[in-house]
Amino acid sequence: MERAWLFSLIPLVLGAAFLAIGAYGLRRTAALRRTGVTTRARIVRHAVRRGDEGATYHYPVAAWTTADGRACTYESRFGRGSVGPGAAVGATVLVRYDPRDPSRFTIQGWEGKGVDLLFTVLGALLTAGTLVVVLVRLVTLPG
């Protein structure tokens, strides 16, 4: 097998990974929309992390009480470079959580499905594009 074939597999693997991550996120969001419970929460702090390129990302930590009385405090899975007044410490926000596993939640207005949709579309394009190129190469190989 030539090296060119191996290099053509790189976008296939990346595409499949992006597609899996995006599809998981979209599925998770859809499940929360169907079976999740909405309640008010308070932003109690922000977890601050630095990205590989040096940028700072803020992940809001929301605290709420579930319908059955459990106290919950969880960090959002999405971080942003800046925090607006709607997600500042002390702000009241709406969260939608899974009653069986409250750590699976979204903050309304903070976590959009845009990132998951972008990963899904990019992954699908990379995967499909690479498969087309590999199939064309296979069909046009000298016999």
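**Salt bridges and their surroundings**

I began with Arg49, which counts as partly exposed because its relative accessibility is 39%; buried means under 20% relative accessible area, exposed over 50%, and partly exposed in between (1.4 Å probe, protein chains only). A note on the source: this is a predicted model, where local features need pLDDT of at least 70, side-chain atom pairs count only at pLDDT 80 or more, and totals for chains, interfaces and linings use all residues. Residues are numbered from 1 along each chain as its sequence is written, and side-chain values use heavy atoms, with hydrogens and water left out.

Which partner does the side chain of Arg49 meet in a salt bridge? I found Glu75, at 2.3 Å from N to O; a salt bridge is a side-chain nitrogen of Lys or Arg within 4 Å of a carboxyl oxygen of Asp or Glu. Arg49 lies in strand β1 (residues 37-50) and Glu75 in strand β3, so the pair ties together parts that are 26 residues apart in sequence. Helices (H or I, at least four residues) and strands (E, at least two) are DSSP runs, numbered from the N terminus. Glu75 is partly exposed too, with a relative accessible area of 31%.

I noted that the structure holds five salt bridges. One of them joins Arg104 and Asp98 at 3.6 Å, N to O. Asp98 is buried at 9% relative accessibility, while Arg104 is partly exposed at 25%. Asp98, Arg100 and Arg104 are linked in a network of salt bridges.

**Around Thr66**

Next I looked up Thr66, which sits in the loop between β2 (56-65) and β3 (71-75). Is Thr66 buried or exposed? Thr66 is buried, at 6% relative accessibility. Its side chain makes a polar contact of 2.4 Å with that of Asp68 (a pair of N or O atoms within 3.5 Å; within protein, one must be able to donate a hydrogen and the other to accept it, and residues adjacent in sequence count only if both atoms are side-chain atoms). Asp68 is exposed at 56% and forms a salt bridge with Arg70, with the closest N and O atoms 3.2 Å apart.

**Helix α2**

Last, I checked the length of helix α2 (residues 114-139). At 1.5 Å a residue, its 26 residues should span 38 Å, and the end C-alpha atoms are 37 Å apart, which agrees; the expected span is 1.5 Å times one less than the number of residues. The buried residues of α2 include Asp116, Gly123 and Val134.
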